[in-house]
Amino acid sequence: MAPDRNLEKLASIDAQLRLLVPAKVSDDDKLVEYDALLLDRFLDILQYLHGEDLKETVQECYELSAEYEGRKDPKKLEELGHVLTSLDPGDSIVIAKAFSHMLNLANLAEEVQIAYRRRNKLKKGDFADENSAITESDIEETLKRLVLDLKKSPQEVFDALKNQTVDLVLTAHPTQSVRRSLLQKHGRIRNCLAQLYAKDITPDDKQELDEALQREIQAAFRTDEIRRTPPTPQDEMRAGMSYFHETIWKGVPKFLRRVDTALKNIGINERVPYNAPLIQFSSWMGGDRDGNPRVTPEVTRDVCLLARMMAANLYYSRIEDLMFEVFIIQFTFLNPFDCFSIVL
């Protein structure tokens, strides 16, 4: 299947659903394309794994649901009920899992769409809704509004920024069913989808990304969504720390660099001090005392040691990278005879 075929040729059931409510989709909205691509690839995988008949049943259920949602025709609801009650138990399980997976893909498409709009479509300071101003603005725009609109001096803004801290508390519950392996696969699907629609992508890269996207969609579909055993507090800590591995470890330094850049653009040439943590993290995992019988002093001690060990590993890996970079810089400025002696 050619990844650059148009929306009509995709024949995506999600595209059919959205065509029933075109007023909800803006002209610059990429969500239809994202949904269409993900679900079209998933339906191909579903057909490969379970046959064309089951794929057609999923399509029929989705289309009947869309028609009932759009027209409120009770006959469509009856048709849908007849299709579902006529299924054997095995097919019912596969179809239920397919719809759960399709909802996950739709959520991933929406996340990529939100990022796309933030990067390319929203004008700085153009707040369509005051309630969404925080999510639709950026750091530099916020600081400029404080200086220009609220008449605060750049030094006042800098002093206030140095003396505030946002404490993000990580928590988890035994009822949380999303597995860490599934979250990681969803992250890779999201990354593939975002890269597929990059402006500077080459045809070869696009084909490779499309193949990678299909692999990740199939891997996610074939991964059990539900934990078969209750997670221990140690498991909860590992799951919480996975957010550091995936996003926080790189995201927070990037955010702090943007804060420094935004301050520079309003006239502050000083960086935010290292001893002024704008963002810090706390955790309830393994330390909650709300009646959980699985949390004991010994468990809390184990979880703290586990968190410290994982944090130390992150720092150690970064130090290794820095040591390599320093070595390369020093090696670059050596004369050829020194380089030859090092090799010997």
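This is a predicted model: local features need pLDDT of at least 70, side-chain atom pairs count only at pLDDT 80 or more; totals for chains, interfaces and linings use all residues.
Colleague: How do helix 10 and helix 11 run relative to one another, parallel or antiparallel?

Modeller: Helices are DSSP runs of H or I with at least four residues, and strands are runs of E with at least two, numbered from the N terminus. Helix 10 and helix 11 (residues 203–221) have axes 9 Å apart and pack at about 155 degrees, where axes are lines fitted to C-alpha atoms over the stretch in contact and angles run from 0 to 180 degrees between N-to-C directions. Angles under 35 degrees count as roughly parallel, over 145 as roughly antiparallel, 65 to 115 as roughly perpendicular and the rest as oblique. The angle therefore makes helix 10, relative to helix 11, roughly antiparallel.

Colleague: Which residues of helix 10 meet helix 12?

Modeller: The axes of helix 10 (residues 180–196) and helix 12 come within 10 Å and cross at roughly 20 degrees, which means that the two helices are roughly parallel. On the helix 12 side, the contact (heavy atoms within 4.5 Å) involves Arg238, Ala239, Ser242, Tyr243 and Glu246. Their partners in helix 10 are Arg180, Leu183 and Gln184.

Colleague: What is the volume of the second largest pocket?

Modeller: A pocket is an open set of points on a 1 Å grid over the protein atoms alone, where a 1.4 Å probe fits, with protein on both sides within 12 Å along at least five of seven lines. Grid points are joined across faces, edges and corners, and the volume is the space filled by probe spheres set on the points. For the second largest pocket this volume is about 940 Å³.

Colleague: Which element gives the largest share of the lining of that pocket?

Modeller: Lining residues have an atom within 4 Å of a point, and of the 34 here, the closest to the centre are Trp249, Val252, Ile279, Phe281 and Tyr315. Strand 2 (279–283), helix 13 (297–332) and helix 12 (233–265) each give two or more residues. The largest share, 10 residues, comes from helix 12.

Conventions
Residues are numbered from 1 along each chain as its sequence is written. Side-chain values use heavy atoms; hydrogens and water are left out.
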